[in-house]
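Visitor: I have a model open and would like a quick tour. Can you take my questions as they come?

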Amino acid sequence: MMAKLGIFDLAVRYGKLTAIAELSFTVAEGERVFISGPNGAGKSSLLSAIAGSVRAAHGRIEMDGDILSGLGPEAIARRGLSMVPEGRRIFAGLTVLENLTVGTGMRRDRSAVADDLETVFTAFPILRERARASAGALSGGQQQMLAIARALMTNPKVMLVDEPSLGLAPKVVDEVYDRLCQLQAVRGLTLVIVEQSSARAARVGGRMLLMRGGRIVADGDATEFAARDLLTEAYFGGAA
Ligand SMILES: Nc1ncnc2c1ncn2[C@@H]1O[C@H](COP(=O)(O)OP(=O)(O)OP(=O)(O)O)[C@@H](O)[C@H]1O
Ligand SMILES: [Mg+2]
């Protein structure tokens, strides 16, 4: 089977600091992969390098056999890969509608934009309701939905989502994941999601890559990681 996404010997450096060190993995079409690991492990750097918003020092990134490495974020988005960045990065002073359409200037086909907007509004009815409201007035969960919806506006085949649960109450996190899974089922999306909680990842279901020091140190089903974390907690009282 051909991999949807292939990362080969990827390295990311910030000056002398190596954030990602010779990292490789592949993701199959329609797969859901969680990336976990401690703060500073390189999770965001990995996603940003794949999406083209951080330059890789070394390595090759392929999607469907197409080489993405060396392209900028807009060119990568046009090829069908988009990212929901850590911290959501919505424009609080713009309306919901403006947030969704601000990146579509590069696309000349207005009717396609209208179609994508309709699809996104169907997936997120709350965003249609609040289309004219300022994005800053939305709740945290709604802002996360908006960030996801914005990434969907380029009609991606692969979506990278950096810590969607950050700062949200567990019930709201449930909603965000319900929506992501639903989108995946309906659109056949390939999803790579940074998620710190292995328990959460296990509940949602999928594969998990564990990162440490810019490398992948484990790769398996999320449920195995959750079981291991429970064991650690049982032995060390959660202090580990
Ligand atoms: N723009 C930058 N300039 C310099 N160093 C950076 C930059 N971005 C990240 N780093 C460093 O690179 C390493 C990896 O950071 P990264 O943000 O990718 O990790 P992370 O796993 O996403 O962490 P977190 O869980 O805190 O989001 C860290 O040591 C971090 O301090
Ligand atoms: Mg991060």
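**A walk through the model**

Guide: One loop to begin with: Asp64 sits between β4 (58-63) and β5 (66-67). Keep in mind that this is a predicted model.

Visitor: What is the phi of Asp64?

Guide: Phi of Asp64 is near 55°, which is positive, and the residue is not a glycine. In general, most residues other than glycine have a negative phi.

Visitor: Is Asp64 buried, exposed or partly exposed?

Guide: Asp64 counts as partly exposed, because it has 16 C-beta neighbours inside 10 Å. A buried residue would need 20 or more, and an exposed one 12 or fewer.

Visitor: Which loop holds Asn155?

Guide: Asn155 is in the loop between α6 and β7 (158-162). Its phi is positive too, about 55°, and Asn155 is not a glycine. Asn155 is partly exposed because 16 other C-beta atoms lie within 10 Å.

Visitor: Let me step back. How many helices and strands are there in the protein?

Guide: The protein has nine helices and 10 strands.

Visitor: What radius of gyration does the protein have, and what would a compact globule have?

Guide: A compact globule with 240 residues would have a radius of gyration near 18 Å, and the protein has 18 Å, so the two agree. The C-alpha trace spans about 55 × 40 × 40 Å along its principal axes.

Visitor: How much of the protein counts as buried?

Guide: Of the 240 residues, 39% count as buried. As for contacts with a separation of 6 or more, 67% are between residues 24 or more positions apart.

Visitor: Which residues have the most contacts inside the largest nonpolar core?

Guide: Those are Leu146, Ile148, Ala149 and Val161, in a core of 64 residues. Helix α6 (residues 140-152) gives the largest share of this core, seven residues.

Visitor: What is Leu146 in contact with, leaving aside neighbours within four places in sequence?

Guide: Leu146 is then in contact with Ile90, Val96, Asn99, Leu127, Ala135 and Leu138.

Visitor: On to strands. Which way do the residues of β6 point?

Guide: In strand β6 (residues 81-84), Leu81 and Met83 point one way, while Ser82 and Val84 point the other way. In a regular strand the side chains alternate between the two faces of the sheet. Those four residues of β6 are all buried.

Visitor: Do β6 and β7 run parallel or antiparallel?

Guide: They run parallel and are joined by four bridges. Leu81 has Val158 in β7 as its bridge partner.

Visitor: What about β3 and β9, parallel or antiparallel?

Guide: Strand β3 (residues 32-36) and β9 also run parallel, with four bridges joining them. There, Ile35 has Leu209 in β9 as its bridge partner.

Visitor: And how many bridges join β9 to β10?

Guide: Six bridges join β9 (residues 207-212) to β10 (residues 215-221), and this pair is antiparallel. Arg207 stands opposite Asp221 in β10, and Met208 has Gly220 in β10 as its bridge partner.

Visitor: What is between the strands in that hairpin?

Guide: The hairpin of β9 and β10 has two residues between the strands, and Gly213 takes a positive phi near 55°.

Visitor: Now the ligand. Which residues are around ligand 1?

Guide: The residues around ligand 1 are Tyr14, Leu17, Ala19, Gly37, Asn39, Gly40, Ala41, Gly42, Lys43, Ser44, Ser45 and Glu86.

Visitor: Which element gives the most to that shell around ligand 1?

Guide: Helix α1 does, with three residues. Both β2 (17-28) and α1 (43-51) supply at least two residues each.

Visitor: How does the shell around ligand 1 split by class?

Guide: The shell has four nonpolar, six polar and two charged residues.

Visitor: Last one: where does Gln184 lie?

Guide: Gln184 is in helix α7 (residues 170-187). Gln184 is partly exposed because 17 other C-beta atoms lie within 10 Å.

Visitor: What does Gln184 touch, not counting residues up to four places away in sequence?

Guide: Gln184 touches Arg32, Leu189 and Leu191. As for Met159, that residue is 25 residues from Gln184 in sequence and 9.6 Å away in space, C-alpha to C-alpha.

Methods
Residues numbered from 1 in each chain as written. Chains lettered and ligands numbered in written order. Predicted model: local features only at pLDDT ≥ 70, side-chain atom pairs only at ≥ 80, totals over all residues. Rg over C-alpha atoms; globule rule 2.2 N^0.38 Å. Contact = placed C-beta atoms within 7 Å. Near = placed C-beta within 6 Å. Nonpolar A, V, L, I, M, F, W, Y, C, P; charged D, E, K, R; others polar. Pairing = 2+ DSSP bridges. Core = buried A, V, L, I, M, F, W, Y, C linked by C-beta atoms within 7 Å.
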